[in-house]
Amino acid sequence: MVTNNRDSFGRRVLSFVVSFIIIVLLAMLLAWTYNKFKTNANNNNQNNSGDVVDNNGSNNNGSNNNGSSNNGSNNNGSSNNGSNNNGSNNNGSNNNGSNNNGSNNNGSNNNGSNGSAVVYDSKYIENINAMKAVAKSYYTVDRLPENVGDTKSLTLSEMVEKKLIFRFADKNNNYCDEETSKVVITKNSNTNYLMRVELNCGDQKDYILETIGCYDVCAYGNCKPQNETKYITYYRFKKAVETEKVKYTCPSGYTLKGSACVKTEVIDTVNATPVYSGDKVITVDAKYNSTGSYVLTADAIKTIAGYTNKCPDGYKYENGLCKKTIDATFVPGTSAYVCPEGGELVGTKCVITKAAASTIKYSCPSGYTLNGTTCTKNEEVDATKTVSYSCPSGYTLDGTKCKRTLTQDATENVKYSCPSGYTLSGTKCSKTTTIDATENVKYSCESGWTLNGTKCSKTTTIDATENVKYSCESGWTLSGTNCTKTTTIDATENVKYSCESGWTLSGTKCTKTIDATSSTSYGSWINQGTRYYQSSTKAYTGTTSKLVYGGAISGAACGSPCGNSGIWYKYTYYTRSATQVYTCPDGYSLSGTKCVTTKNATKTVTYTCPSGYTKNDKKCTKTDTKAATKTVTYTCPSGYTLSGKKCSKTDIKDATKTTTYTCPSGYTLSGKKCSKTDTKDATKTVTYTCPSGYTLSGTKCSKTESVNATETTTYKCPSGYSLSGTKCKRTLTQAATVTTIYSCEAGYTLNDTKCTRTYDATKIEGTGYYTCPTGYNLDGKKCVATATPTVIINYTYSCPSGYKQSGSGENTKCTKTVEGTKHYYCADSSYKLEGTKCTKTVNTIVSYSCPKGYTKSGTTCYKKVTTTIWATKNITTTTSYKYTWSTKKELEGWTFTGETKTVEETVPSNSSSNTDDDNDYFDK
């Protein structure tokens, strides 16, 4: 259909008028928003000084912003304080003369945000732009809302499910919220739609808006294309499809898991370290041998003989694992899915799992030294010191001393004594009795003093001393006759951040951006089939495709694709993939095609004070002065009493005392005492004394002499130690801790120790498939379940030399018959005879522990290692054909079958049939 030029011009004029009205309305809305928030704007018309306006990722590709205020700048002077025009894509928009009205200035006009900017990382911007691009390509005319006010939405989860986009993650490698992240299309009028793209990734949540005009999606003002009926000819093509069936096999001793072979085996065993409860002494009565012989018992010696792997019921031990195999269930059906490349079928997906490349690293606990794969440590403890003492003849051992007792007669001493209160004089006792004499007292005063009882008093009066005192109110300090007050406040801190040349300030960080190094890698050439042309000059070689000339051929030899007549030229068409990779120098991180590095900005801090204050480091001080309050008081010298302005005191002193003393009859006065003396015979007492060093016993003196006993010292070590001087040494050995680092090749995802790649399975019609119960893995037509075997330690028991063994296993007994005289003995050789008692020090084992990386089984620690190798890949190839119909006469990689068909279809009136558009064919 030919469109009338006048109608087309009218539609363009109408579209322009409607767009102009929308722009005016948006400008009014922006002005209203500005007036509402301008009271909080601190940096308006300052070219966003200090603000971070991030237009990263904005792609104004092909936009005609004629006369717009964007001139490549960061909206200098605009009201976008702190705004982030992240990722705005004005692709193809015609904002003639507009000031970004309707653009994606998310968060713009945030006057009042005091310049604080929301900075989104490049990963977030890249992801939200990818969502928007996918949405614009997805919402074709038939998918748009039909009526004004209607909406249609598409979540990020649905985009991934429809294979429109790959799953993506944020800067921390966490998946974005795929349910709340979505695109919503709303029909605003018959001429435009509003698209809202919202992305929620961790703590970064925002959305962008874009208006889509009818000119973006169709050629009619009401976005409803006019249809017409046409007859369209379709051509049938076929393509050979080769299907590979992969089977993996493993060497003996390995178990197949996916495309890897796994073997688990025990590589090391060590004795578990006992944990003791503490020493405890056990004492029992010794036995007395009254006959010619007696029997001793000893503990059997327990030795590890080996290990046995035990499997659960129904399982069979095989190459380090317990396996149980059952037949898989065959499910017949009309279709089935198979996996090329050796993948394992999971639903309609193929999963390839292979062992991750492993790097083994050995390490030791603290204090140990790595020697190959073994950790050793030299341990030293004090040897048990045994000291014995002996004495010369005639001496007895007492502790570490030797003693003997000497005896001689004590010396007789005669002593006289008197009763209490008497004094010995020769053989006589005398006692002097003393009593107080009678006291006669008289008091008198000197001239000028007055007697009052036993005291003399006199009153003296003088002038009081005048004292002047100055004082200040609370908070002020007295200085002479003035009061001063010093006020100290914090100085105002002024912080300024700066960057060196070539760096851009962003908050407190300096950012530098350079172009990333770009390189392109190409895949192998892939044959896409044969083509025929009537020209011999079609051959070319491009970067991702090439056409190779194959010679001339007659139309009859070529067949229906060539029309069966004339001379045709045969070409082979090849394609290859191209991948562009960007890299950055050390210290830079890649952001799109840019390399970005960040460092702390230079911080300059200054301090200022208000008027009248003096700055002292970070403090501001000022001093106020005023007259102090004057207070006059009167004081008197010590001992005086104030009365008005006079001081008076009364002196008091003792009156003169005259004393005389008298005694009763028979007593003699001596000073203040009266005394008389009585005399009688003293009591005779005989005592005995000994020379120094002797002890009196009755009338005998004895002395105990001590000399040092002869000291004999021996040292003994615990079991397992060797004596070195007074120290016991042993070398502890344990296997080093094995740390395995796993990695995967490109295209695989690491999961524990496996690398996994998932892709779509190939659907094959008319077959069936095998399934396994939960917990089983399909291996051909068999289902295999595996379990870890239980390691059982086997012991052997034997007796010490000279002992006879009886019983077996844990019931093994060791006995020995000893011939001897009558004496006490301990039947159990582990006891020590002490007099008539047998004692043994027991350090009870309460548990056992193993080194890191080992598994405990009883009193033994064992370490397992898993070896993974690639399975042998056996590929069987089968060929089938895939058919398709197309409106084109030629399809790359397809062969024309000669079949055609004509179909009556309703298509938009501005389309034409049998075009060479790549999207005009479909599969049947």
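**Exercise 1. Classify Met28 as buried or exposed, and state which surface patch holds Met28.**

Step 1. Met28 has a relative accessible area of 54%. With buried meaning under 20%, exposed over 50% and partly exposed in between (1.4 Å probe, protein chains only), Met28 is therefore exposed.

Step 2. Met28 sits in helix H1, residues 5-37. Helices (H or I, at least four residues) and strands (E, at least two) are DSSP runs, numbered from the N terminus.

Step 3. A nonpolar surface patch is formed by Val13, Phe16, Val17, Phe20, Ile21, Val24, Leu25 and Met28, and their accessible area together is about 760 Å². Such patches take residues with over 30% relative accessible area and no salt bridge, joining nonpolar side chains (Val, Leu, Ile, Met, Phe, Trp, Tyr) within 5 Å and like charges within 9 Å. Areas come from the Shrake-Rupley method with a 1.4 Å probe.

**A note on the model.** This is a predicted model, in which local features need pLDDT of at least 70 and side-chain atom pairs count only at pLDDT 80 or more, while totals for chains, interfaces and linings use all residues. Residues are numbered from 1 along each chain as its sequence is written, and side-chain values use heavy atoms, with hydrogens and water left out.

**Exercise 2. Check the span of helix H2 (residues 122-138).**

Step 1. The expected span is 1.5 Å times one less than the number of residues. For the 17 residues of H2 this gives 24 Å.

Step 2. The end C-alpha atoms of H2 are 24 Å apart, which agrees.

Step 3. Buried residues of H2 include Tyr124, Ile128, Met131 and Lys132. Among the elements that cover the buried residues of H2 are helix H3 (156-161) and strand E4 (204-213), where contact means heavy atoms within 4.5 Å.

Technical notes: Salt bridge = Lys/Arg side-chain N within 4 Å of Asp/Glu carboxyl O.
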